Amino acid sequence: MTGTGLLAATQSPPHPLSAEHLDHFYRDGSGACAIMSVAHFPDEILTFLQMECLAAFKTAVAEHCDAVVELGCFDGRALEVARAAGVPYCGVDINSGAVAALRERICDEGLEAQATTLVGDAQESVRWSTHVPGRRPLIVLPFNLLGNLPDPRRALLGLRALGGTVLISVFNEQPRTTAVRRAYYARCMTGLAEPAEGRYGGAVFRGAQGFRSESFSAPALHRLLRECGLEIRSETANRLGRSLTVGRA
Ligand SMILES: C[S@@+](CC[C@H](N)C(=O)[O-])C[C@H]1O[C@@H](n2cnc3c(N)ncnc32)[C@H](O)[C@@H]1O
């Protein structure tokens, strides 16, 4: 091989499933729009999202939260929770296009006084925590966001440091759920690999552009929360997953 050939080989783009693509799916690519498009949701997903929204509202009221902060907000589903609870809202997403679209929605609905947005990484709460409203916020990790994060433990420790109450919604490890997820992800991306065993008792899916999403068994999630110094205040589950309200132990 010539020197030029060697250079070309070492500079070739990373494999589509490699860690070097990790952020690309959500941050820069069209992945966020694909995964959050209702047209791609298998019917059963809707009951999971309904459960999550009602759990968030119940928690906001029960814990007297004075704001709702939605991480991985995309088009601001939890803005409806804040609207119903009558508290300020802040949507945080790593995808700047999603945040721009949410800002437009906020203007269209005349909610500029109640709702704000920011582009940020859920795992880097130190970078954005001073910009979020409320002294006792409800921080929502919706729709299996925790299972998308490269390091869920780091994210949870960061959120614990913020104080407040955290609502975590995740898919379970049941074979039926894994089948629903497979159908969902296959509609959203190319190169979807067969599921493998995840780190938290669930199944991990990987796809092109660094897509990665894992589910959680109840015992493994409970252990992770305990190890992060978070106690469970309430929990509700349906056949696809669970929504947990947690706070500092
Ligand atoms: C809520 S997750 C949906 C996950 C999907 N339902 C699954 O099963 O894996 C999608 C949203 O989270 C956002 N997101 C992904 N990683 C993020 C991160 N580290 N910080 C903030 N937002 C993130 C994406 O841009 C997208 O708008």
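Leu 244 is where I would like to begin, and its place is in strand S10, residues 241-248, where strands are DSSP runs of E with at least two residues, helices are DSSP runs of H or I with at least four residues, and both are numbered from the N terminus. Leu 244 is buried, because its relative accessible area is 0%; buried means under 20% relative accessible area, exposed means over 50%, and partly exposed is in between, with a 1.4 Å probe and protein chains only. From C-alpha to C-alpha, Leu 244 and His 222 are 9.8 Å apart in space, and they are 22 residues apart in sequence.

Before I go on, a word on the basis: this is a predicted model, in which local features need pLDDT of at least 70 and side-chain atom pairs count only at pLDDT 80 or more, while totals for chains, interfaces and linings use all residues. Residues are numbered from 1 along each chain as its sequence is written, and side-chain values use heavy atoms, with hydrogens and water left out.

Now to the ligand. Which residues are closest to the ligand? They are Asp 93, Ala 122, Asn 148, Tyr 185 and Ser 213, out of 22 residues that surround it, a residue being counted if one of its heavy atoms lies within 4 Å of the molecule. By class, this shell has 14 nonpolar, six polar and two charged residues, where Ala, Val, Leu, Ile, Met, Phe, Trp, Tyr, Cys and Pro count as nonpolar, Asp, Glu, Lys and Arg as charged, and the others, Gly among them, as polar. Helix H3 (31-35) and helix H9 (175-188) each supply at least two residues of the shell.

Turning to individual polar contacts, meaning pairs of N or O atoms within 3.5 Å, where within protein one atom must be able to donate a hydrogen and the other to accept it, and residues adjacent in sequence count only if both atoms are side-chain atoms, an N or O atom in the side chain of Asp 93 is 2.6 Å from an oxygen atom of the ligand. A nitrogen atom of the ligand lies 2.9 Å from a polar side-chain atom of Asp 121, and a backbone N or O atom of Ala 122 lies 2.8 Å from a nitrogen atom of the ligand. The protein buries 98% of the 600 Å² that the ligand exposes when taken alone, with accessible areas from the Shrake-Rupley method and a 1.4 Å probe, and, for residues, only the protein chains shown counting as cover.

Helix H9 also holds Thr 178, which is buried with a relative accessible area of 11%. The C-alpha atoms of Thr 178 and Gly 191 are separated by 17 Å, the two residues being 13 apart along the chain.

In the loop between strand S5 (165-171) and H9 we find Asn 172, which counts as buried because its relative accessibility is 6%. The side chain of Asn 172 reaches the backbone oxygen of Arg 239 at 3.0 Å.

Finally, consider the loop between strand S4 (137-141) and helix H8 (152-162), which contains Phe 143. Although Phe 143 is not a glycine, its phi is positive, at about 45°, and Phe 143 is buried, with a relative accessible area of 8%. Asn 144 is in the loop between S4 and H8, and its phi, near 65°, is a positive value in a residue other than glycine. Is Asn 144 buried or exposed? Asn 144 is buried, with a relative accessible area of 1%.
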